[in-house]
Amino acid sequence: MHRSAEAMVAQDEQPRHAGEAIVAQEEQLRRAAEAFRVEWLGRKQGRLNEVSSRWLKAAPPEAKKLVGQRFNEFKAKLEDLVDAALDTHLDPSDAALRAQSIDITLPGTRRLIGAEHPITRTMNEIVQVFAALGYSVGVGPEVETDFYNFESMNFPPGHPARDTQDTLIIAGQERKPLRDRLLLRTHTSPVQMRTMELEPPPVRIVIPGKVHRNDAADATHSPIFHQVEGLCVDTHITFSDLKGTLDHAMKALFGSSVKTRFFPSFFPFTEPSADVQITCIFCGGKGCRKCKQSGWIELLGCGMVDPAVFAFAQEKQPAYDPKKISGFAFGMGVERIAMMKYGISEIGQFYSGDMRFLGQFA
Ligand code: DAH
């Protein structure tokens, strides 16, 4: 440490010495040019005065014109020479010019190198795990229609399941049919339908993105957060495929010693549905405050795609025939996973823009 600091100082000295030498040389040349000026063009003792009186003034009248011309040419040449010399070897006391010049003895301007935000980084990491399994990556709009966000995901109009995902609705759309009304999407699941409408099976896709909920902000909730959605549809896709895929993904994200278990749950767009729990990464499954002594932490939702969802997809892509194909889907909260991975207890830290927090991930 000490030695390398010394080496750095020594390295810094080199350009400084070189700079000083150049400044000294410039000053010498400037002085020489000034002395030359005084010697030849000086008002009283300049040699040009001598030339003038010896040759010009003494010239016979018939030669005066020619000698005068020659004399003036000689004088102009001398003046030009002196001007050029003084111009290149500037007076270093000239403040305006000094301000423009570079002080090469100053330390350089350090540019901070940017880094990925922890949310972006976690999102990319999740996507990468599935990309390695052959999944493609897709995105969809954040301002979504009621149809894609709710109806096609099997939340019929007026269904109580809609109450769990309240959101902001774009104003002034009362004249439109409900299915076309715009809202801020509450989950990335609508991109499942957008994907199926565009591509026939087989489909393997992950969809990272931002979502919105009418949730009060607290330590673990934010009205805007991020999800990664997954969808896999093919012939003979089973719940075992779902379990194997997500077990692998959790091990890839949290370490190979992590175990998973699947708990019965409910989502309108999957049947059966499950919550995936992993062994608590803080206590290794023994039970602690973080996992409320259970040894397990709930991390994401998943399930087998409901035939009602395939029925909506079939309107545009007949190949999504639930008698011939099957699939699974999953959705995970990026903030929640990032908080677990990095031991963060306040979700708000992600959005604070506080460099002391963000710098830790650089
Ligand atoms: N969309 C769900 C939510 O935001 C998460 C989810 C659960 C997505 C199960 C899925 C799934 O694709 O199968 O709460």
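Modeller: The lining of the largest pocket divides into 21 nonpolar, 14 polar and 10 charged residues. Here Ala, Val, Leu, Ile, Met, Phe, Trp, Tyr, Cys and Pro count as nonpolar, Asp, Glu, Lys and Arg as charged, and the others, Gly among them, as polar. The model is predicted: local features need pLDDT of at least 70 and side-chain atom pairs pLDDT 80 or more, while totals for chains, interfaces and linings use all residues. Residues are numbered from 1 along each chain as its sequence is written, and side-chain values use heavy atoms, without hydrogens or water.

The lining counts 45 residues. His-221, Glu-298, Leu-299, Gly-333 and Arg-336 lie nearest the pocket centre. A pocket is an open set of points on a 1 Å grid over the protein atoms alone, where a 1.4 Å probe fits, with protein on both sides within 12 Å along at least five of seven lines; lining residues have an atom within 4 Å of a point. The space in this pocket is about 1500 Å³, taken as that filled by probe spheres set on the points, which are joined across faces, edges and corners.

Now the elements. Strand 8 (296-305) is among those that supply at least two lining residues, and its share, 7 residues, is the largest. Strands 5 (224-234), 6 (260-267), 7 (270-279) and 9 (326-333) each give at least two as well, and so does helix 10 (334-342). Helices (H or I, at least four residues) and strands (E, at least two) are DSSP runs, numbered from the N terminus. Strand 7 also holds Pro-272. A cis peptide bond joins Glu-271 to Pro-272, with omega about -5°.

Next, the ligand. There are 16 residues around the ligand, counted when a heavy atom lies within 4 Å. His-187, Ser-189, Arg-213, Gln-227 and Glu-229 come nearest.

- A polar side-chain atom of His-187 lies 3.0 Å from a ligand nitrogen.
- A side-chain N or O atom of Arg-213 is 2.8 Å from a ligand oxygen.
- A polar backbone atom of Phe-330 is 3.2 Å from a ligand oxygen.

On its own the ligand has 360 Å² of accessible area (Shrake-Rupley method, 1.4 Å probe), and the protein covers 92% of that.

Conventions
A polar contact is a pair of N or O atoms within 3.5 Å; within protein, one must be able to donate a hydrogen and the other to accept it, and residues adjacent in sequence count only if both atoms are side-chain atoms.
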